[in-house]
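This report describes a two-chain model for a reader who has not seen it before. Please keep the sequence and the structure in view while reading.

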Amino acid sequence: MKAKAEEVIEAGGADHEWLVSQNLAPYVGKWIAVSDRRIVAFGPTLREVLTRARADGVEPLCLRVPEGYVTV
Amino acid sequence: MVALSYSFVRYRINDEVVLRPCLKCTLGYGSKSFETYLLVDSGADCSMLRREEAIDGLGIDVTKLRSIGQTGGIGGSTKVAIVEVDLRFGQRQHMFEMKIPMQVSLEEGKDPSLSLLGRNPFFYKFRVDFRMGYTDDPTLGKFILYPEDNPRNAAKFKKPPAYG
């Protein structure tokens with residue numbers, strides 16, 4: 001019997017697909033908060049961006065843009 | 001079976017685009033949660049949560065955590081504790097939820113640059129396919145998570161000798 005074919009779905013969603021197409025260089029060392037395909041807050045700490053986004057009634061997707069070096 | 005495909009997150013470093021397999025997920029602990037990314041890191045033995053995310057994202061009082069020993073990486077070693085975090089990811093009707101033990105550094109300034117999902121236990125639950133060359137554009141890439149929902153019978157496989 002043949003194995004059942006696997007269904008592969010794009011699971012990132014709209015904010016993720018928008019985010020991966022952005023130039024994140026201006027945000028190196030910072031946190032950014034994304035909602036509805038835009039950056040709704042950015043700053044040096046997660047606490048700050050969560051507080052700002054939630055004050056506007058948004059539960060954002062948060063990403064830290066690490067310092068610009070490659071990792072091993 | 002449904003597998004989940006994600007585009008790599010692109011970071012521009014020294015005029016070069018570096019692709020990182022970052023899983024969009026919701027982390028939870030008690031009543032607190034937030035949506036973020038974890039680096040899917042097949043080179044890490046276990047998962048690690050940065051202190052900032054533990055404290056500011058999940059409200060964990062890291063001063064009350066008990067050390068379980070040291071964890072080492074390329075940047076040196078640090079004293080760590082373990083917290084059990086709720087991990088949720090997927091899309092619409094295909095959501096996955098699990099509890100993941102994550103290490104947290106008990107020393108300031110000794111975090112990895114990104115919180116990460118290491119092999120144990122995540123890679124026991126998902127097979128991960130990293131596809132950086134699936135197009136002729138090296139700045140595109142995706143990784144796919146296949147649930148390991150049909151494990152083979154271990155009796156049919158030769159086991160390596162146990163380590164003492």
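## Terms and numbering

A residue is called buried if 20 or more other C-beta atoms lie within 10 Å of its own, exposed if 12 or fewer do, and partly exposed in between, with C-beta atoms placed from the backbone. By this count, 28% of the 72 residues of chain A are buried.

This is a predicted model, in which local features need pLDDT of at least 70, side-chain atom pairs count only at pLDDT 80 or more, and totals for chains, interfaces and linings use all residues. Residues are numbered from 1 along each chain as its sequence is written, while chains are lettered from A and ligands numbered from 1 in the order in which they are written.

## Confidence

The predictor gives the complex an ipTM of 0.90 and a pTM of 0.91. For single residues its confidence is pLDDT, which runs from 0 to 100. The average pLDDT of chain B is 91, and 99% of its residues score at least 70.

Helices (H or I, at least four residues) and strands (E, at least two) are DSSP runs, numbered from the N terminus. Among the elements of chain B, the highest mean pLDDT, 98, belongs to β4(B), and the lowest, 83, to β2(B).

## Chain A

Chain A has two helices and four strands, and along the sequence they follow the pattern β-α-β-β-α-β. Two residues are in contact if their C-beta atoms, placed from the backbone, lie within 7 Å. Of the contacts in chain A with a separation of 6 or more, 33% are between residues 24 or more positions apart.

Which residues of helix α1 (residues 13-20) of chain A are buried? They are His16(A), Leu19(A) and Val20(A). These residues cover an arc of only 95° around the axis, so they lie on the same side of α1(A); the arc is that of the directions from the helix axis to the C-beta atoms. The cover over the buried residues of α1(A) comes from both chains, and includes β2 and β4 (61-64) of chain A as well as β1, β2 and β4 (22-29) of chain B.

Two strands pair if DSSP finds at least two bridges between them. Strand β2 (residues 31-35) and strand β3 (residues 38-43) of chain A run antiparallel and are joined by five bridges. Trp31(A) has Gly43(A) in β3(A) as its bridge partner.

Asp36(A) lies in the loop between β2 and β3 of chain A. Although Asp36(A) is not a glycine, it has a positive phi of about 50°. Asp36(A) counts as exposed because it has 10 C-beta neighbours inside 10 Å.

## Where the chains meet

The contact between the chains takes 32 residues from chain A and 32 residues from chain B. On the side of chain B that touches chain A, the elements that give two or more residues are β1 (2-7), β2 (9-13), β5 (32-40), α1 (51-57), β8 (76-91) and β12 (142-147) of chain B. The largest share, six residues, comes from β1(B).

Strand β1 (residues 7-10) of chain A pairs with β1(B) in the parallel sense, over four bridges. Opposite Glu7(A) stands Val2(B), and opposite Val8(A) stands Ala3(B). The two strands belong to an open sheet of four strands with mixed pairing, in the order β1(A)-β1(B)-β12(B)-β11(B). Both β1 of chain A and β11 (126-131) of chain B stand at the edges with a single partner strand each, so one side of each has no neighbour in the sheet.

## Single residues in chain B

Thr26(B) is in strand β4 of chain B and counts as partly exposed, with 17 C-beta neighbours inside 10 Å. Leaving out residues up to four places away in sequence, Thr26(B) touches Ser33(B), Glu35(B) and Arg88(B). Thr26(B) and Phe89(B) are 63 residues apart along the chain, and their C-alpha atoms are separated by 6.4 Å.

The loop between β8 and β9 of chain B holds Arg92(B), which has a positive phi of about 45° although it is not a glycine. Arg92(B) is exposed, with 8 other C-beta atoms within 10 Å. Gln93(B) is in the loop between β8 and β9 (94-105) of chain B and is exposed, with 7 other C-beta atoms within 10 Å. Elsewhere, the peptide bond from Asn120(B) to Pro121(B) is cis, with omega near 5°.

Methods
pLDDT = per-residue confidence, 0-100.
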